[in-house]
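Please read the points below alongside the sequence and the model.

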Amino acid sequence: MKLETLLNKKDFTKEELIFLLGLEGEDMDKLLKKALEVKLKEVGNTVYLRGLIEYSNRCTKNCLYCGVRIGNDKVERYTVSDEDVFECVDLAMKLGYGSIAIQSGERSDKAFTDKITYLLHEIKKRSDGKIGVTLSCGEQTEEVYKEWFEAGAHRYLLRIETSNKELYYKIHPNDDKHSFEKRLDAIYSLKNQGYQTGTGVMIGLPTQTIEDLANDLLFFKKLDVAMVGMGPFIPHDDTPLSIYRDSIISEQDRFDLTLKMVACLRLMMPRINMVAATANQTIDPKGREKIVQAGANIIMPNLTPTRFRENYLIYPNKACVGDKPDECKNCLDLRLAAVKHKIGYNEWGDSKAFFIKD
Ligand code: SAM
Ligand code: SF4
């Protein structure tokens, strides 16, 4: 296959994507360079921020990779108080973040869903409707998604984790609570409700192949999602998948594959919002900037009160766990300026792909 011809395409076959994901050295650099060029042309050099609130680590699920799974009894469970959430919102406004993202373990009991509805109403009131809200609180019924949308959330991130159903059941318990079909239905439900819907996958999962990843990219395109957040799988000692620690591909390979996945997707879906996941920073100190240079345009600086963060370790050695929010803002300004990007302060930074269809 001729690389130069491929780099000017937007629609790829699975074989072409496998070829691109296998690039190394100078050829890989050419792919990343092209993706940056496409990003700058289509969405510019602005990176938008989503101040992350890790709202609660209480989870009813038992995903085999995640440090806050219900089966991990080493974790001290918490839920951030309403007052602390409002303080985070005030801080986001003060720092000019424009949007927040509320992420949590999955609960579908009414006390939880009502609480999120209440918080959304209050956040909208408190910020005079100025702050954008992304939710990432797992699978819910269409009614709950509707209620949250009406209360003010307008973006939702629900990773499919892998589009390979067989692999999905290798990384989740095989029961009704962890159904591939339900997860997929939930993504469709979010789209139906009018959310800017995001999904994503983990990269470098046990037994995952390059073909699986090529299929993931085709899956995102077929679903026509507005946002994607993908990042390397990082084994957590207190989870069942940690037994694969030595048999999965190396950290560097997982990171390089993430760069190539992001770059390919920018070519395929030029106007979507793509997150530079913090997990990349765990592998490479300049991980997030490198992912931004490969095509990502969203960063999620952590706003969670520091005393809770040690208990939201979905994977180990999470970057920036001890950073104070204002230090984090200054650090991001400098890091992004160093790679010729700027932060879109006080803007929602919605996905252009959601409004302008190709
Ligand atoms: N509970 C919600 C859900 O699962 O959609 C949202 C929170 S969950 C912690 C957010 C994401 O963390 C998951 O979608 C998963 O991709 C990622 N994650 C969990 N464990 C991970 C690990 N060991 N390595 C990398 N990412 C991980
Ligand atoms: Fe719970 Fe989400 Fe972790 Fe699964 S990935 S155990 S649903 S927090």
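**Notes on the predicted model**

1. E54 has Q103, in strand β3, as its bridge partner. Strands β2 (residues 51-56) and β3 (residues 99-104) pair in the parallel sense over five bridges; strands pair if DSSP finds at least two bridges between them. Between β2 and β3 the chain passes through helix α4 (residues 82-95), in a right-handed β-α-β crossover. Right-handed means that, with the strands pointing away from the viewer, the path from the first strand over the helix to the second runs clockwise. Helices (H or I, at least four residues) and strands (E, at least two) are DSSP runs, numbered from the N terminus.

2. This is a predicted model, in which local features need pLDDT of at least 70 and side-chain atom pairs count only at pLDDT 80 or more, while totals for chains, interfaces and linings use all residues. Residues are numbered from 1 along each chain as its sequence is written, chains are lettered from A and ligands numbered from 1 in the order in which they are written, and side-chain values use heavy atoms, with hydrogens and water left out.

3. How many residues of β2 are buried? Six of its six are, where buried means under 20% relative accessible area, exposed over 50% and partly exposed in between (1.4 Å probe, protein chains only).

4. The model has two cavities of 30 Å³ or more. A cavity is a set of points on a 1 Å grid over the protein atoms alone where a 1.4 Å probe fits but cannot get out, and lining residues have an atom within 4 Å of a point. A volume is the space filled by probe spheres set on the points, which are joined across faces, edges and corners.

5. The largest cavity holds about 960 Å³. Its lining has 46 residues, and Q103, S136, R159, Y312 and I314 lie nearest the centre. Elements giving two or more residues to this lining are β2, β3, β8 (227-232) and β9 (273-276); β8 gives the most, with three.

6. The second largest cavity holds about 80 Å³. Among the residues lining this cavity are R50, A101, T134 and L157.

7. There are zero disulfides, a disulfide being a pair of cysteine sulfur atoms within 2.5 Å. C88 is buried, at 3% relative accessibility, and C331 is partly exposed, at 27%.

Notes
On a 1 Å grid over the protein atoms alone, a cavity is a set of points where a 1.4 Å probe fits but cannot get out, and a pocket is an open set with protein on both sides within 12 Å along at least five of seven lines; lining residues have an atom within 4 Å of a point.
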